[in-house]
Amino acid sequence: ADLLLHHFESANNHRKTVFFGALAGDRAARMYAREEAIHSYGRALEALLEMTGEKAVDHSLILEKCGDVYRNSGDYQEALEKYHAAFAIWEGAGQAQKPECVPWGINQASQNSNLCRKIAVSYEQASQYDESALWIDKAVEFLPRDSSKTASRVYAAKSATHFRKSEYEDAIDWAERALSIARVTGNSADMAYAHNIIANTFIHIGKLHEAIRHLQQAIVLYNEVQNFMGMASANSNLGSCYLLSDKLEYAVKHYQVALEVEAIIHNDARVAIDHNNLGEVYLMQGQLEKSVALLEKVISAHKEGYAPEALAGYAMMNISRCQVYEDKLDDARDSIGKALELIQKSGVKIIYLEAQLQQASVLLAEGRLEDAKSLCEDTKKEIEAQGARLLQLNAGRVLAKILSREGSVESAIEEIITSIELARSMGSKFEEARSLKEHARIMLEHKGDTVKAVESLERAESIFSDIGAARELGYTERLKARLAELPE
């Protein structure tokens with residue numbers, strides 16, 4: 001295709017140049033050679049514009065292909081520019097027209113919906129969730145009744161918009177509809193996408209076993225069709241499941257697989273996501289220096305335009321956690337302030353609530369109990385209304401710490417026991433151990449109940465030891481040493 005493109009371009013055969021430029025662009029795109037793909041599609045477009053007669057459909061399709069290349073490489077703003085231009089030209093062309101020069105077929109009835117979906121997905125990936133919701137609604141509106149393939153993709157994208165707005169029941173409903181249609185059509189890529197999308201929601205509502213099951217199926221299907229973008233996304237999400245399930249070795253394995261694939265496809269945006277994910281693993285393990293180094297790469301990626309505000313804010317929140325552990329409270333306060341600002345701009349409610357919990361933890365560490373309690377109680381109510389169980393147990397643990405510090409011991413014990421029970425119901429041993437550790441501290445410092453303190457500490461110590469959470473293990477060992485010093 002490249003040789004023929006050069007030949008026909010030199011001969012000023014515009015029609016053949018368009019055809020072979022499009023083929024050369026497709027070939028480069030399949031190899032994730034972004035610059036080569038864009039260059040070849042650009043040569044096709046230049047030749048098209050030299051031709052006489054209306055070629056609007058061809059023009060729109062080439063721009064759409066350019067948008068696909070930019071989106072797969074994580075350059076969502078460039079993708080949006082191309083998709084918007086493609087959509088405007090397509091609408092102006094009228095649906096009765098067919099392409100004349102490019103080698104691609106087209107489903108005219110579903111093309112409006114298809115382009116609206118791609119615009120919506122690009123906005124979602126760029127963390128512009130309000131715009132994404134507007135465009136996915138347009139995609140649903142434009143859907144023809146007999147276009148199952150397009151419907152599956154549109155419904156899955158619709159699920160993602162509900163997920164980003166923490167509307168979890170709606171997110172599951174739309175994803176299940178997408179998966180049902182994909183199974184009927186037998187399209188492996190669409191089934192994989194639907195499995196991946198529904199797993200995201202299950203992760204956030206604490207149904208980790210269901211999420212893992214869906215993601216394992218997604219990975220098999222993505223491998224089957226050699227969809228590298230999907231492989232990276234599903235492996236990254238599976239790593240997060242294992243992280244929350246306290247299987248840190250498996251989490252690292254899948255994050256590293258994701259990073260290897262992302263390097264192949266040159267997707268700097270997804271690399272930033274998995275740098276943040278690995279940073280969280282190192283944070284759990286108490287390797288704070290390694291954690292901060294990776295998290296700062298995410299901040300740099302945001303400044304360079306690769307990472308969205310929500311991700312940069314999340315990384316900054318994790319940096320604040322590291323700084324609290326190191327007793328760098330001025331830095332921790334500054335970091336969480338920056339995190340909240342970034343996340344608020346992104347409009348991601350659930351991450352903003354998590355950042356507010358971290359802000360309450362900073363206030364607690366500074367001894368500002370009244371401010372910490374007020375913020376934590378308000379945030380906990382919002383989290384409970386969202387149905388985000390993982391955050392709910394974290395909120396309960398933070399509130400228990402605050403209550404115990406102010407002397408409301410019985411209320412603190414009630415909160416921490418609820419947190420322990422919730423962690424057990426979710427199967428999250430790491431979170432259970434963190435809450436058990438706090439329960440032991442409260443019983444030791446305020447109740448003098450060494451029997452219950454020892455029971456909680458031994459269980460927490462066993463979990464931290466099993467999963468390799470060195471920092472947390474060190475804390476439990478220090479608490480046990482204090483217990484040993486008490487008179488019998």
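## Tyr and Ser with positive phi

Y32 is buried (under 20% relative accessible area, where over 50% is exposed and in between is partly exposed; 1.4 Å probe, protein chains only), with a relative accessible area of 14%. This is a predicted model: local features need pLDDT of at least 70, side-chain atom pairs count only at pLDDT 80 or more, and totals for chains, interfaces and linings use all residues. Residues are numbered from 1 along each chain as its sequence is written, and side-chain values use heavy atoms, without hydrogens and water.

Y32 sits in the loop between α2 (14-30) and α3 (34-50). Helices are DSSP runs of H or I with at least four residues, numbered from the N terminus. The phi of Y32 is positive, near 55 degrees, and Y32 is not a glycine. S127 also has a positive phi, about 65 degrees, without being a glycine. Its loop joins α6 (108-125) and α7 (129-142). S127 is buried, at 8% relative accessibility.

## Helix α4

Of the 17 residues of α4, 15 are buried, so the helix is largely enclosed by the rest of the structure. Just after α4, G74 takes a positive phi of about 85 degrees.

## Aromatic rings and charge

Nine aromatic pairs are counted. Rings of Phe, Tyr and Trp (its six-membered ring) pair if their centres lie within 6.5 Å; planes under 30 degrees apart are stacked, over 60 edge-to-face, and the rest tilted. Y242 and Y250 make a tilted pair, 5.3 Å centre to centre with 35 degrees between the planes. Y242 is buried at 10% relative accessible area, whereas Y250 is partly exposed at 47%. F87, W135 and F142 form one aromatic cluster.

R177 lies over the face of Y155, 4.8 Å from the ring centre. The charged end of R177 also sits over the ring of W174, 4.1 Å from its centre. The rule asks for NZ of Lys or CZ of Arg within 6 Å of the ring centre and within 35 degrees of the ring normal.

Definitions and conventions. Helix = DSSP H or I, 4+ residues; strand = E, 2+ residues; numbered from the N terminus.
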